[in-house]
Amino acid sequence: MLEGPLLIAVLILSVLFIIFATAKLKLHPFLALMFASFIAGFLSLMPFELIVESINGGFGSLMGGIGIVIVAGTIIGTVLEKSGAALKMAEVIIRRIGEKRPQLAMSLVGAIVSIPVFCDSGYVILSSLKKAMARRANVALASMAVALSTGLFATHTLVPPTPGPIAAAGNLGAEGFLGTIILFGVIVSIPTIAVGYLWATRVAVNIKIEGEEHNLSYDDVLKEFGDLPPAWKAFAPLLVPIILIAISSVLSILQYDGFGSSFAAFLGSPMVALFVGVLFSFLLMPKFDETTLNDWIGEGLKTAAPILLITAAGGAFGRVLTNTPLSDFIEGFVTDSAFSGAFVLILPFLIAAALKTAQGSSTAALVVTSALIAPLLPSLGIETSVQLALTVMAIGAGAMTVSHVNDSYFWVVAQFSGMKVTDAYKAQTMATLLQGLTAFTMTFILYLIFG
């Protein structure tokens, strides 16, 4: 088997193949990762039987560790979307904040809705509400569009149970630390959302969108959607799992082993907590019939399927790299260089940013980068739950840098707001660049403090 610098060449060639296959050939990331697994195995002169064992083992272990969590999370997101609960959450926040600070309200709406719901879907769901709010508050539609899009984008890449960060956690072997990842995700997302809000109020506010003065009123939009569920039902499927995971994490940190500790640990395990969220999402269903119990759930499963496959393929690729001497070489390189401490986060950030910019998908960037980085974690000195959580944050920061024309989200924001492409570059692309850099800077600072 190859050793030394030649293994770095194998790694670089594998990454370049993934970028070329997904960005240029438009090959699905699942197949790109699977082919890259074989390429890395062959080029490193790995024994054939070990290649097969690595791919099968890596694929299966990731599915077993994080697959059910991803499925449960996407089901919750689908039910929140279909039942109008996402709109209800938005309406509650806008009623509380929107009168005086409409852009801030939209940023917070986006940040909360995008935790269980994909940012693309969240933007489509809230698009008419955003337009009505812009008319009601008499502010530029482009400003409201950027406030919403950047709020959605921040938590989409940083805060579980959004599938991307969960998949990254699974690849890194950090699925048992979701409470810690959620905590740091929220902390890192605050300045990231704030930067998007400032860009919306300082720059996007000067962009004029043709016909924006003819949007429906706020009350008319709410009437158009009909009866929305009560606020507690809308928030429960999202907040209850997070609370259960948080309680379990706190008890674990405090090393509490008294009455009810084992049951709290059971409820706070990510898989169980998310399934409790699924049960609460059933309260949002207008009735129990084939449409809700089969079609809605089926749509959630269809959404989960490609994420599961990409994540599992990422696990296969990571296992192949793990079974080479690559980590030993990297460990020697890190020991003999200044590439240590918080600076180890630069590598996952740059890889994720390169993948995001090249092929467009934040979720794919999160999965592929985490698969690449996983075998190198011991060599980079990343071992504790905090270090793993901040590594997920660094990858998430890269995965939002940047959204442009090869990203479906860019076109959703541009088309559903009515912005010209040049204006969307100025408003959306630049905002996501600043968000990615801000998220990484905050992550870097946190690593210096807690890492």
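**Aromatic rings and overall fold**

Reply: Ring pairs join Phe-38, Phe-42 and Phe-48 into a cluster. Rings of Phe, Tyr and Trp (its six-membered ring) pair if their centres lie within 6.5 Å; planes under 30 degrees apart are stacked, over 60 edge-to-face, the rest tilted. This is a predicted model: local features need pLDDT of at least 70, side-chain atom pairs count only at pLDDT 80 or more, and totals for chains, interfaces and linings use all residues. Residues are numbered from 1 along each chain as its sequence is written, and side-chain values use heavy atoms, with hydrogens and water left out.

Me: How many aromatic pairs does the structure hold?

Reply: The pairing rule is the ring-centre cut-off of 6.5 Å. The structure's total is 11.

Me: Which geometry do Tyr-123 and Tyr-409 form, and how many residues apart in sequence are the parts that the pair ties together?

Reply: The pair is edge-to-face, 6.4 Å centre to centre with 85 degrees between the planes. Tyr-123 lies in helix H6 (residues 119-137) and Tyr-409 in helix H20 (residues 408-417), so the pair ties together parts whose separation in sequence is 286 residues. Helices here are DSSP runs (H or I, at least four residues), numbered from the N terminus.

Me: Are Tyr-123 and Tyr-409 buried or exposed?

Reply: Buried means under 20% relative accessible area, exposed over 50%, partly exposed in between (1.4 Å probe, protein chains only). Tyr-123 and Tyr-409 are both buried.

Me: What percentage of the 451 residues of the protein chain count as buried?

Reply: The same cut-off of under 20% applies. For the protein chain the share is 57%.

Definitions and conventions. Helix = DSSP H or I, 4+ residues; strand = E, 2+ residues; numbered from the N terminus.
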